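Have a look at the sequence and the model, then read on.

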Amino acid sequence: MLYDVVIIGGGVIGCALARELMRYRVHAVLVEKESEVGFGISKANSGIIHGGHHASPTTLKGRLEWDGNQMWDQLCAELGFGFKRIGELTVAVDEAQLATLAKLQQQGADKGVPGLEIWLPERIRHEEPNLSAAVIAALHAPTTAVINPYEACFALAENACRNGLELVTASAVTALTATGDTWTVQTTRGSFHPRFVINAAGLYADRIAELAGVRSFTIHPRKGEEYLLDRRLAGIVKQIIFPCPTPVSKGILVIPTYDGTIMVGPTAESVDDREDLTTSLAGAEAVFAAVEGVVPGISERDCIAEFAGLRAVADSEDFVIGPTAKRGFINVAGIQSPGLTAAPAIARMVCDLLRSEGLPLQLKPDFTASVPKPLHFASLSTAEQIELAAREPRYGHIACRCETVSEGEVVDAIHRGARTLDGIKFRTRAGMGRCQGGFCTARCMELLARELGVPYTAITKRGGGSWIVCRRQDEGEA
Amino acid sequence: MITVKATQIGATYDVVVVGGGPAGMAAALAAKDAGAARVLIIDREKEAGGILWQCIHAGFGLHYFKEELTGPEYAQRFLEQVLEHDIDVVSDTYVLDIDRNKQVKLMSGAAGVRIISARAAVLAMGARERTRGAIRIPGTRPAGVMTAGLAQKFVNLLGYLPGRRVAILGSGDIGLIMARRLTLEGVEVAGVFEIMPHANGLGRNIVQCLHDFGIPLHLSTTVVHIHGRDRVEKVTVAPVDDRLHPIMDKCWDVPCDTLLLSIGLIPENELSRQIQVRLDPVTGGPVVSSTMETSVDGVFACGNVVHIHDLVDFVTQEALLAGRHAGECVTGKRPPADNIRLVPGENVAYCVPHTISTDREHTVYLRVRRPLERSCLRLGEVYERKLRYVFPAEMITLKVRPAILQKFHGDSLAVHVLPRDGSASPEDLDDAEQPTVWHIPEA
C-alpha cells in the first residue's frame, strides 16, 4: 500500500504533526514502538507550556517556543486536554541574579512575549505567601501554562485517527530503504511504502537516521527526576516557580500541575542508557534541597510518587528539523525543552517543509477539529452527577477512590485506545492518587479484561514484558 | 450479595456508618443496641466485610469469639448479626462528600447519587497501605512492585499469582502473611527485608509465617535499588547503619520478579478532612474523646481510621464503644464530658483515646516508639504497671479504672513506658490484663 507519509514516533511531536497533516488530503501512518502513543519522553516531563521568554531567539527552539506557546489555547479548546495558563515566577535569591531576571525580561520583550514584569518582595508575598523570605525579586510571566502532556498526546492522536490517520502501535522500525521516490519502512508489524518519512523518534532519532543512511547528529539522553507530592500541599504555590536558570538547565521547579497536586523537579543528568529511567537518592536529595530554599513548606515526607524522564538532546543543543541528504527523509529530532511548548509550531513547520519538498497539501473539507470530551465525574456538579449516574449507570460506580474516577471513565478510556494500566492511568488518573493503584489496579484489570476480551495474564502495566499477574502453578502457563 | 434495594435507602437515618468493614459493622450493631432506630452502613465494595474477605488465614477472633476464625468467617458472623438487627446495608456505594451537619452525598451503583442526612455519623473507613512513593526506593519503575495487600487480593480473591520469585520489603503483618501464603502457592520467597532492627509484625506471625517455612528475615536491611525495565528483574538490598542510612559497600542483589511492600498502613481520612475533624499527626487519624467522638459534634470514629490496630478483635472492641455512644447520642444520653487529657510521654508514640473521664473505666491503647525489655508503664503519678517486653509493633492496652483517679486533681496525665531496674520476680511477668467480657448485642 502506498502512503504519502510515514511518521516514526508517537510522542507529542509525532502526534501533533499527524493531527496537523490530517487537515489535508494526505494518506499517512504513524508507527510507534510502545503499546500506546505518548509512552516515551512525552509522558515523563514537567508538563509545562513555557512562557516564551526562556530560550534565546537566536536558536530554532527559541523561535518555535513562543510560536508554539500561542497555539495551545485553540488546541485545548478543540481537544479538551488539561491545560491552564497559571503563570510563572522566576525567582532571584541574591543580587547577582537580578541581572539574569532583567536579561530574561528583555529577551521575552524582544520576542514579543507580553506581560513580563519584575515583582518586588511585597507583591511576591501577596501573591505567593509560601515562598521563602530569601526571594528578593521575581520575574512574572503570565503566558506560562501547565498541561497534562500525555492527555495532549492521546487527544491529538485520537483526533488524527478520526480524520484518517492510521496508527500502528507496538511496532518498532527495523529497516529503512529508499527506491526511487519511494521508501520502504520495515517494522516489527509489517512494511509501509511512503514517499516521505518523518523521523520523530525522540531518543532513538539518531538511530533511525542511521537506518536511513543519513546520520548527522547524536542524541545524548539527559535525565530528569520528578517527585510528585501529596494533595495536602495543593495550593502551596499558585504558579510555577523557577529558580534563576543556569546555562545547562532551567533548574528545579515547583509545579502546581494541572490536576492540582504539586510536583517538584527535574534534575538534569547526562546518561548513556536510553532506557535509564531510574530515580536515585542523589536526585531526590538534590530536588528537595533546591526546593527547600524556595518553598520551605515542602518536604520529602509528602512525596507520593517519583519518576524520571529523558530529554533527547542533540549535539547542537538545538532542535534538528529539516530535510536530509536522502530525498523524502525529514528529521524532527533533538526536541528537548521547550519541545512540548513548541510542538504545534513544529507540526506546522514540518507541514511547510513537506509542501516545499513536493507533497501537495490540499485542505480536506470534512476535517473535524475536535474530539468528544471525556467526562470527568469528579469535576461535575452534584446535579450533573445525579443526572449522569441515572443515565449511564457505569458512571455510578467508582473505580479509583483516591481520585474519584468512575468505571464509565475507565471504560471510555479503553474505547478511546487505552490498552494498558498506564494508558488508563494517564487518561483518567485512576491509580495516580495517594494509594498509587493499591485498590483500583484490580478493578481496572477487570475492566480491561472485559472490554478487550483478554485474560488477566495478558494485561500489562505499559506493554512489552510488563505483565501484572501470572497463573497459579497448578494451572500451568497461559 | 447483601444489598438493600435502591429504593430502600432512606432520606434520613439516626446513625450513618461510613465503611462496612469490621469496625463499621460492630459500630452499627452497638448503635442499634443502644437505641438508634434507623442505622445505615455504607460500603464501597460489592459486599460489606472490608479487607477480611481476602484475609483467608486463621487467627481472627481469639479475643472476641474465644475461638480461631478466618477473616471471612469473622466477617460472616458480623454480617449475619447486622442483617438480623434490621440494619440497612448499602454496598457498592461510595461517599462522595459529607459535611459537619452530617449530610452525606453518596453514589450507589444501583441508586445513583443520593443525599441523606443523619443525626450521628461513625467514620469507619479503615486504612490503606503505604506505597513505594512514601519511602522513595531508587531505581526503575517496572511492573511487579506492589503492596502486599494487592498481592493478597490477586491470590486469594482473583486466583492469580503476583509473580514467581518474590522479595518482601517491610515486616508488617500483611507481608508476613503473604510470605507464607505465596510459599504455599509454590512461589519462591527470597526473603523479608526490614530497615528497623526489630520486626514490625506480630511475634506470632514471625514464627508461624517465616520461621516455620524457613524464610529469612533480614533486620536492619533495606531495598536500595529496583532493577528491570518492564518487569522487576532484581532488587539490590543493603544493611543500614544506626541512622538507617544504607551501607552501600555491603549491598547485594536479590534476583526476583516481584517486590512486595509491607511498610505500614495509613488511616484513610479523606472524608474526615472534608468535615474538618481534628487529626492527630502521629496516628494520622482523628483526635477522639473517651466515647470515640471526634472534634465534630455527633461524629464518631473507630477502627483503623483512628489508629492502626494489631488485631481485628481490638477493632471490634473499639467500634462497639464508638457505636454505643453514637446510638446513645441520638437518644439524648450523654455521659459526663472528659476531664483529663492523656499526653504521650517518654517512649510513647501515641495514646487513644486522647481524653478520658474520671467517672468510668476506660481502655487506652498506646504504642511505644522503641523496643524495651523489662519496662514499666506509668500513668502520671497515679498508676504504674510492669511490662515484660514492649515493641512498636505490639499495641499496649491499659485499663484505667475510676479508683486510680480518685485522688487526682489535675487535668492532664502523661503516659510513659520507662526502663525498669532490678530483677524480675514471677509476678512481674504477668502484664496481660484479663480481657473484660465485651457487650455483644443479642440477636
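How many bridges join strand 10 of chain B to strand 17 of chain B? There are 3, and the two strands run parallel. This is a predicted model, where local features need pLDDT of at least 70 and side-chain atom pairs count only at pLDDT 80 or more, while totals for chains, interfaces and linings use all residues. Residues are numbered from 1 along each chain as its sequence is written, and chains are lettered from A in the order in which they are written.

Strands here are DSSP E runs of at least two residues, helices are H or I runs of at least four, and both are numbered from the N terminus; strands pair if DSSP finds at least two bridges between them. In chain B, 5 strands form an open sheet with parallel pairing, in the order 10-17-11-12-13. Strands 10 and 13 of chain B each have a single partner strand, so one side of each is left without a neighbour in the sheet.

| Strand of chain B | Residues |
|---|---|
| Strand 10 | 145-147 |
| Strand 13 | 217-218 |
| Strand 17 | 258-261 |

Zooming in, B:Met146 has B:Leu260 of strand 17 as its bridge partner.

Now for where the chains meet. Contact (C-beta atoms, placed from the backbone, within 7 Å) takes in 39 residues from chain B and 40 from chain A. On the chain B side, helix 4 gives the most, with 5 residues. Strand 7 (103-108) and strand 8 (112-123) of chain B are among the elements that each supply at least two.

Terms used. Contact = placed C-beta atoms within 7 Å.
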